[in-house]
There are 2 protein chains.
Amino acid sequence: MRTTITDVAKQAGVSMKTVSRVLNNEPNVAKATRERVMEVADQLDYSPNLAARGLASSRSYLIALLYDNASPSYLTNIQRGAIEACRQQGYHLLLEPMTAAQTESEEAERILRRMNVDGAILTAPLCDLTALRNSLTRLDIPYVAVGPQDADEGAAVRMDDQDAAFQMVKYLIDLGHRDIGFIAGDPDHASTRHRRAGFDAAMQDAGLHAGTDRVVQGDYTFRSGLEAAKRMLEDPTSRPTAIFAANDDMAAGVLSAANRLNIAVPDALSVCGFDDTPIARILWPQLTTVAQPIHQMGRKAAEILISRDKRRDPATHTFDYELIIRGSTARAGT
Amino acid sequence: MRTTITDVAKQAGVSMKTVSRVLNNEPNVAKATRERVMEVADQLDYSPNLAARGLASSRSYLIALLYDNASPSYLTNIQRGAIEACRQQGYHLLLEPMTAAQTESEEAERILRRMNVDGAILTAPLCDLTALRNSLTRLDIPYVAVGPQDADEGAAVRMDDQDAAFQMVKYLIDLGHRDIGFIAGDPDHASTRHRRAGFDAAMQDAGLHAGTDRVVQGDYTFRSGLEAAKRMLEDPTSRPTAIFAANDDMAAGVLSAANRLNIAVPDALSVCGFDDTPIARILWPQLTTVAQPIHQMGRKAAEILISRDKRRDPATHTFDYELIIRGSTARAGT
DNA sequence: TTGTAGGCGTTATCAT
DNA sequence: ATGATAACGCCTACAA
């Protein structure tokens with residue numbers, strides 16, 4: 001039998017309520033008592049039973065990470081951050097993948113209901129689904145959205161995608177590029193809109209104009225980047241000197257297309273991506289890209305959920321990005 | 001207030017025990033009763049309180065995924081599989097990263113004790129840590145190891161790394177390669193030994209011998225592959241015609257080194273990897289590699305844990321691998 | 001086939 | 001500052 005709070009109480013010569021107080025850092029316990037209890041608990045390798053605690057306090061000490069089709073590196077980073085925060089507070093992270101389709105059927109709500117969590121972290125494409133947000137509200141599950149989003153309601157942890165895209169394009173322009181292509185992401189993601197807006201703004205700011213054939217719709221996959229780049233590069237007489245892909249996977253597609261067409265990168269074509277995923281360093285040349293502090297965002301999201309009733313955190317946190325300049329971009333016409 | 005089992009019982013005009021029976025699919029319930037209860041439960045959006053259920057039955061319906069420093073794509077695949085199995089049975093997946101260092105201190109055991117799970121999935125490097133296995137045994141937490149491992153005790157889900165490596169090298173030899181380099185993985189991983197053994201066996205089988213400068217120690221990172229390849233390729237008068245890296249990240253390093261040294265792949269150098277991670281398709285040329293059914297392995301591991309007392313699963317499952325031939329390998333001397 | 005009583009280990013309430 | 005006792009919601013054991 002596992003040691004219980006009663007064992008500790010007996011051994012320490014106090015009531016179980018006192019032990020409970022000590023373990024939960026409640027006030028009104030004599031210092032000496034507190035220390036004695038701690039010692040006994042340690043010695044007995046006592047740790048509270050989550051289920052019992054949950055039943056009595058109607059808290060589960062569980063936080064769910066809701067995601068859909070997230071890229072592996074993004075997902076693991078969010079997880080890492082969230083878990084750090086959870087560990088510090090005795091919480092645990094539950095994984096709950098969920099498709100957009102599910103959020104509109106009864107299914108998502110069933111899944112949510114079943115999980116009995118104290119809060120949920122909503123990542124990437126899921127934050128923008130009103131159906132899901134409504135479900136969570138209806139079930140009274142607090143949530144924090146991670147990633148760019150339009151709705152300003154609710155807690156959120158974000159990065160300024162638009163400004164990051166703006167700066168990246170400005171960097172290309174400063175390198176002398178005038179004919180710049182843009183490969184947009186999945187239209188269902190809010191980030192797609194923001195990154196596109198950043199591109200547009202920077203071009204306009206510089207008095208440049210990208211023709212319609214210079215902006216191609218992708219969907220954040222490698223293949224879509226490859227196809228988009230092929231189209232943009234197929235005519236040797238009219239090629240952009242730089243292509244900005246809205247994420248690294250698509251930028252990898254651009255590099256691949258350039259390889260196939262024998263276009264030297266960065267000499268004849270500068271390429272840049274977004275996200276600074278591990279592949280950015282693995283490609284040749286290494287990718288100029290935007291680094292998001294994903295790990296910190298995951299951490300912050302969990303912290304907000306855990307402390308939601310204690311401190312009154314400002315609902316929204318915006319993190320800084322960083323332009324990572326690598327070998328895939330160079331001065332135009334080198 | 002959330003609806004409880006008592007609400008359902010009242011509404012259906014039966015005792016709560018009967019409701020409990022229906023919900024747990026226990027026998028000895030009249031068909032009509034069962035249907036009525038189901039209907040009421042549905043209608044009331046009832047779902048059992050995990051904590052209460054756990055407290056009463058001393059099962060938590062939680063399974064932990066223990067991992068250390070796993071590659072993102074490996075991790076997400078395992079997760080996907082495990083969650084599929086969990087969902088079907090009303091279980092949830094808890095994420096618990098854990099460093100090798102922690103497993104040897106008290107810390108790992110504290111973490112394990114705190115989590116109150118019904119079972120644990122042990123991935124990659126963790127399976128080989130006796131300290132961790134002992135802790136789990138001591139805490140009476142059933143576990144399934146995923147990945148190659150030496151100790152034959154306990155349930156395990158694995159793939160024959162050695163045979164896969166053997167076949168890959170055999171494939172290179174069949175292409176006419178005689179001078180083949182091998183980049184080994186992190187010496188702390190069991191897979192490293194197995195893949196190396198496969199390489200050795202295939203070479204010996206073909207009457208070939210790899211000089212000591214043809215086998216270089218890496219550590220499964222891109223950078224280590226890059227460094228190893230540089231060393232292996234620095235002397236233009238004595239270069240292997242093929243390099244087999246023990247994982248895709250290191251193979252990416254080899255490609256990168258070849259790029260820097262202006263060695264054409266696959267014309268002058270064939271390169272292959274192991275794992276079939278997403279980067280295998282993103283690199284140029286695309287990587288010949290070994291695909292592991294990681295997703296199924298995760299699924300199976302969870303299934304074993306969940307059904308451990310019902311069926312008597314054979315303790316160990318071995319999955320098939322698949323050689324994926326892509327553009328990075330070609331006939332020698334093309 | 002169905003129901004009743006008791007307890008799982010913790011926190012909350014109210015005394016002392 | 002500390003303690004007794006009653007929830008919390010479900011399952012197990014045993015009855016009926």
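In this predicted model, the domain assignment of chain A, whose bounds come from an automatic or database assignment, gives domain 1 (5-57), domain 2 (62-158 + 294-319) and domain 3 (161-292). Residues are numbered from 1 along each chain as its sequence is written, and chains are lettered from A and ligands numbered from 1 in the order in which they are written. Local features need pLDDT of at least 70 and side-chain atom pairs count only at pLDDT 80 or more, while totals for chains, interfaces and linings use all residues; side-chain values use heavy atoms, with hydrogens and water left out.

**Domains 2 and 3 of chain A**

Taken over C-alpha atoms, the centres of domain 2 of chain A and domain 3 of chain A are separated by 30 Å. Eight residues from domain 2 of chain A and ten residues from domain 3 of chain A take part in the contact, where contact means heavy atoms within 4.5 Å. The size of an interface is often given as the accessible area lost when the parts come together. Between domain 2 of chain A and domain 3 of chain A the buried area is about 720 Å², with carbon and sulfur atoms giving 56% of it; buried area here is the accessible area (1.4 Å probe) that two parts lose on being put together, summed over both. On the side of domain 2 of chain A that touches domain 3 of chain A there are four nonpolar, two polar and two charged residues, where Ala, Val, Leu, Ile, Met, Phe, Trp, Tyr, Cys and Pro count as nonpolar, Asp, Glu, Lys and Arg as charged, and the others, Gly among them, as polar. The count of salt bridges between these two domains is zero, a salt bridge being a side-chain nitrogen of Lys or Arg within 4 Å of a carboxyl oxygen of Asp or Glu.

**Chain A against chain B**

The contact between the chains takes 44 residues from chain A and 44 residues from chain B. About 4000 Å² is buried between chain A and chain B, of which carbon and sulfur atoms give 60%, and A:Arg87, A:Ile282 and A:Trp284 supply 17% of the area that chain A buries against chain B, more than any other three residues. Four salt bridges are found across the interface of chain A and chain B. B:Arg87 forms a salt bridge with A:Glu96, and their closest N and O atoms are 2.7 Å apart. Among the elements of chain A that each supply at least two residues of the side touching chain B are β1 (62-67), β2 (92-97) and α12 (248-260), and the largest share, seven residues, comes from α5(A). By class, that side of chain A has 22 nonpolar, 13 polar and nine charged residues.

**DNA strand D**

There are 25 residues around DNA strand D, and A:Asn28, A:Thr33, B:Ile5, B:Lys17 and B:Tyr46 come nearest; a residue is near a strand if one of its heavy atoms lies within 4 Å of it. Of the atoms of DNA strand D within 4 Å of the protein, 56% belong to sugar or phosphate and the rest to bases.

| Residue | Distance to a phosphate oxygen of DNA strand D |
|---|---|
| A:Thr18 | 2.7 Å |
| B:Asn24 | 3.0 Å |
| B:Tyr46 | 2.3 Å |

The largest share of the surface near DNA strand D, four residues, comes from α4(B), and by class this surface has twelve nonpolar, nine polar and four charged residues. Helices (H or I, at least four residues) and strands (E, at least two) are DSSP runs, numbered from the N terminus.

Notes:
Polar contact = N/O pair within 3.5 Å; in protein donor to acceptor, adjacent residues only side chain to side chain.
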